[in-house]
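Visitor: I have a structure open and would like to go through it. Can we start with how the helices pack?

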Amino acid sequence: MTVVVLLGGPGSGKGTQAEILAERLGIPHVATGDLFRAAVRDASPIGLEARRYMERGQLVPDDITIQMLLDRLEAPDAADGVLLDGFPRNRAQAGALATALAERSSQVDRAINIEVPTDELVRRLSGRWVCRDAGHVYNESTNPPQVEGRCDIDGSPLVQRADDRPETIRARLTQQLASLNDVVDYYDGAGLLRVVDGVQAIESVADDVLAAVTSEAPGGATGAD
Ligand code: AMP
């Protein structure tokens with residue numbers, strides 16, 4: 001079983017890289033945010049509970065999150081491994097994951113941090129505009145619309161969400177990056193961390209992420225187990 005944890009701040013390109021890497025490794029991309037959104041759509045008990053936190057931009061409590069993730073790991077398609085995205089978000093979750101994997105005689109094989117400086121994250125996130133009618137997403141620098149201020153797909157005006165404005169973004173980022181750093185330190189301490197430069201073209205980041213996953217374990221161990 002191959003277990004890879006992909007880490008990175010909001011705006012780091014983590015979701016995009018997770019899609020690419022999961023396909024290259026042939027293991028499912030498991031994003032706890034996606035699992036929660038699906039639970040909300042299904043109005044399941046977990047979804048009803050999680051929604052209260054998600055709506056406020058808060059983390060869902062660890063007991064619910066960890067149980068949901070562990071259930072997902074039981075699914076047949078996860079037998080050979082998973083690529084985790086958005087989990088763990090703190091040390092408690094990282095510890096619970098380690099314990100659960102140990103019970104399956106497994107472990108996290110590698111944690112990859114897609115590193116992007118905070119100023120660049122603010123720049124990327126605050127450049128985000130969405131169309132009023134359908135929420136199609138644009139970015140001033142990476143994915144601008146053909147006509148400024150108009151959606152390419154449905155022509156509706158582009159608006160900026162209150163939580164995508166630079167000052168709001170910086171405040172939210174500071175909070176999120178603090179817990180991300182805890183998780184980064186946790187995996188660094190365990191000798192499992194690799195850092196990839198996230199300020200490159202998508203394909204270059206993807207190549208570096210794959211190289212980081214398949215490279216030898218730190219300290220010269222072969223990783224054969
Ligand atoms: P994301 O798509 O990763 O930004 O997640 C969307 C929302 O789902 C977050 O704002 C949290 O409310 C919740 N969530 C996702 N992953 C976790 C996690 N590992 N721990 C707690 N809450 C989470």
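Visitor: Is the crossing of α1 and α8 right-handed or left-handed?

Guide: The crossing of α1 and α8 is right-handed, meaning that the near helix is turned clockwise from the far one by less than a right angle. Before going on, note that this is a predicted model, where local features need pLDDT of at least 70, side-chain atom pairs count only at pLDDT 80 or more, and totals for chains, interfaces and linings use all residues. Residues are numbered from 1 along each chain as its sequence is written, and side-chain values use heavy atoms, with hydrogens and water left out.

Visitor: Which residues make that contact of α1 and α8?

Guide: On α1 they are T16, Q17, I20, L21, R24 and L25, and on α8 they are I202, V205, A206, D207, V209, L210 and V213. Contact means heavy atoms within 4.5 Å. These residues divide into nine nonpolar, two polar and two charged. Here Ala, Val, Leu, Ile, Met, Phe, Trp, Tyr, Cys and Pro count as nonpolar, Asp, Glu, Lys and Arg as charged, and the others, Gly among them, as polar.

Visitor: At what angle do the axes of α1 and α8 cross?

Guide: Roughly 50°, and the axes come within 10 Å. Helix α1 covers residues 14-25 and helix α8 residues 202-214. Helices (H or I, at least four residues) and strands (E, at least two) are DSSP runs, numbered from the N terminus. The axes are lines fitted to C-alpha atoms, for helices over the stretch in contact, with angles from 0 to 180 degrees between N-to-C directions. The two helices are therefore oblique to each other; under 35 degrees counts as roughly parallel, over 145 as roughly antiparallel, 65 to 115 as roughly perpendicular and the rest as oblique.

Visitor: And how are α2 and α4 placed to each other?

Guide: α2 and α4 are roughly perpendicular to each other, packing at an angle of about 95° with their axes 11 Å apart. T32, L35 and F36 of α2 meet I64, T65, M68, L69 and R72 of α4.

Visitor: New topic. Which residues touch the most other members in the largest nonpolar core?

Guide: V5, L7, L69, L84, L97, V108 and Y187, out of 31 residues in that core. A nonpolar core is a set of buried Ala, Val, Leu, Ile, Met, Phe, Trp, Tyr and Cys residues joined through side-chain atoms within 4.5 Å. Buried means under 20% relative accessible area, exposed over 50%, and partly exposed in between (1.4 Å probe, protein chains only).

Visitor: Which element gives the most to this core?

Guide: α7 does, with seven residues.

Visitor: What does L97 touch?

Guide: Leaving out residues up to four places away in sequence, L97 touches V5, L69, L73, L84, F87, P88, V108 and Y187.

Visitor: What kind of peptide bond joins F87 and P88?

Guide: A cis one, with omega about -5°. P88 is in the loop between β3 and α5. Most peptide bonds are trans, and most residues other than glycine have a negative phi.

Visitor: Which loop holds A43?

Guide: The loop between α2 and α3 holds A43. Its phi is near 55°, a positive value in a residue other than glycine. A43 counts as partly exposed because its relative accessibility is 45%.

Visitor: Is S105 buried or exposed?

Guide: S105 is exposed, with a relative accessible area of 73%. S105 is found in the loop between α5 and β4, and its phi is near 55°.
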